[in-house]
Amino acid sequence: VTDQAFVTLATNDIYCQGALVLGQSLRRHRLTRKLVVLITPQVSSLLRVILSKVFDEVIEVNLIDSADYIHLAFLKRPELGLTLTKLHCWTLTHYSKCVFLDADTLVLSNVDELFDRGEFSAAPDPGWPDCFNSGVFVFQPSLHTHKLLLQHAMEHGSFDVGKGKILNPVKEKKSKLPCRLHYSL
């Protein structure tokens, strides 16, 4: 299937290591979709070459930092400030459907059945009531949705997109996000 893809994000050389393990674990289980890694300018040229041997596409995107340093310090998770960068996955409009997997995900069996899920699909996060974890989710790329997600992030902020907060606007009555992104348990 050439119009669907597994997508991950590597914001630096350390995350590239996880992305490489993820890519190899997907390939080991005979995936039938394309493999895409989004990278930022911080990824070294050597790792870009190595990534291109595992992934079908290596796409550079701009880093998006939430700059919510107070909440991030409280959580003791400064790296979550960069997870807004994963919103760039909605720009992959040459694909009809994608499955996003965080770079720290390890695939233990074929997971092609995830593409049978509707958009937007994700697993509940037991640590955050009424939210899902955005470490693995099914989505349909859309420049319109990408624009609305960025606008929502800039207007309302989100330091914890890793926990799906920016993608969980269901409690916000004035959300302009497409209802297909609204999710509730």
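How many helices and strands does the protein chain have?

## Fold outline

The protein chain has four helices and six strands. This is a predicted model. Read from the N terminus, the order of elements is β-α-β-α-β-α-β-β-β-α.

## Burial and contacts

Of the 185 residues in the protein chain, 50% are buried.

## Salt bridges

The structure holds four salt bridges. One of them pairs the side chains of Asp-56 and Arg-27, at 3.3 Å from N to O. Asp-56 sits in the loop between helix 2 (45-54) and strand 3 (57-60), while Arg-27 belongs to helix 1 (residues 13-28); the pair is 29 residues apart and links distant parts of the chain. Asp-56 counts as partly exposed because its relative accessibility is 40%. Arg-27, at 34%, also counts as partly exposed.

Another salt bridge joins the side chains of Asp-112 and Arg-33, with an N to O distance of 3.8 Å. Here the partners are 79 residues apart: Asp-112 is in the loop between strand 4 (97-101) and strand 5 (121-124), and Arg-33 is in the loop between helix 1 and strand 2 (34-39). Both Asp-112 and Arg-33 are buried.

Asp-102 forms a salt bridge with Lys-86, and their closest N and O atoms are 2.9 Å apart. Asp-102 lies in the loop between strand 4 and strand 5 and Lys-86 in the loop between helix 3 (69-75) and strand 4, so the bridge ties together parts 16 residues apart in sequence. Lys-86 has a relative accessible area of 3% and is therefore buried.

Key. Residues are numbered from 1 along each chain as its sequence is written. This is a predicted model: local features need pLDDT of at least 70, side-chain atom pairs count only at pLDDT 80 or more; totals for chains, interfaces and linings use all residues. Side-chain values use heavy atoms; hydrogens and water are left out. Helices (H or I, at least four residues) and strands (E, at least two) are DSSP runs, numbered from the N terminus. Buried means under 20% relative accessible area, exposed over 50%, partly exposed in between (1.4 Å probe, protein chains only).
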